[in-house]
Amino acid sequence: MLPSVLTDTWPWYVAGPLIGLFVPLLQILGGKQLGLSGNLRHLCAALLPRRPAFLQYDWKSTGVWNLLFAFGTAIGGWIGIHLLGTREIALSPTAQTALHQLGLTDLSGLVPRELFSWPALLTLRGFVSVVVGGFLVGFGTAYAGGCTSSHAISGLSNFQLRSLLAVLGFFAGGLFATHLLLPLLF
């Protein structure tokens, strides 16, 4: 019923340039930078009645657009999964083999249920993957002054040295976790 351009996965050579062109359009048309990690701070500044000093700033000058962008991203993801797509991810045979070698057997759905479910949260590897991993991602985002999207897409396009260092750190951390931590955890 729907055209395949809406329901099929777009190849990297189409999606990548579209994202890449979105960044200068944001800069040229609105003086905005792409990024999502600051939204938690904006949301807390907007909703908390008694705010600590860190949240006492004019969130409306920068936060409204970012909050709308985050909300639109979440709604677009929901539409993409529930109305336009499936709830399965096509993993390459190499990725499936690597995940099976780590002990994950149920690769159906968007994420492995053996790690990302309420019962899995009560296991050591589920707790470490979700709670400890989530804390480390949040800490790293705050420490790096932005998330992967803001540094890798916006920061690098503006030739910011701190973004290059952050992206190198993201990749190094990902390689370290993939090749050293995950085999120990599983």
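**Side-chain contacts and rings**

Reader: Which side chain makes a polar contact with the side chain of Ser163?
Author: The side chain of Ser163 has a polar contact of 2.9 Å, a term for a pair of N or O atoms within 3.5 Å, where within protein one must be able to donate a hydrogen and the other to accept it, and where residues adjacent in sequence count only if both atoms are side-chain atoms. This is a predicted model, in which local features need pLDDT of at least 70 and side-chain atom pairs count only at pLDDT 80 or more, while totals for chains, interfaces and linings use all residues. Residues are numbered from 1 along each chain as its sequence is written, and side-chain values use heavy atoms, with hydrogens and water left out. The partner of Ser163 in this polar contact is the side chain of His151.

Reader: Is Ser163 buried or exposed?
Author: Ser163 belongs to helix α9 (residues 161-185), where helices (H or I, at least four residues) and strands (E, at least two) are DSSP runs numbered from the N terminus. Buried means under 20% relative accessible area, exposed over 50% and partly exposed in between, with a 1.4 Å probe and protein chains only. Because its relative accessible area is 1%, Ser163 is buried.

Reader: Which residues of helix α3 are buried?
Author: Helix α3 spans residues 39-47, and its face turned away from the buried side carries the exposed residues Leu40 and Leu47. What covers the buried residues includes α4 (59-84). The buried residues themselves are Asn39, His42 and Ala45.

Reader: How many aromatic pairs does a search of the whole structure find?
Author: Rings of Phe, Tyr and Trp (its six-membered ring) pair if their centres lie within 6.5 Å, and planes under 30 degrees apart count as stacked, over 60 as edge-to-face and the rest as tilted. With the whole structure searched, the number of aromatic pairs is five.

Reader: What is the angle between the planes of Phe135 and Phe139?
Author: Phe135 and Phe139 both lie in helix α7 (residues 124-144), four residues apart, about one turn of the helix. Their rings form a stacked pair, 6.4 Å centre to centre. The angle between the planes is 20°.

Reader: Which residues meet in the one salt bridge?
Author: Side chains of opposite charge can pair when their charged atoms come close. A salt bridge is a side-chain nitrogen of Lys or Arg within 4 Å of a carboxyl oxygen of Asp or Glu, and the search of the whole structure finds one. At 3.5 Å, N to O, the side chains that meet are those of Asp106 and Arg113.

Note on methods. Contact = heavy atoms within 4.5 Å.
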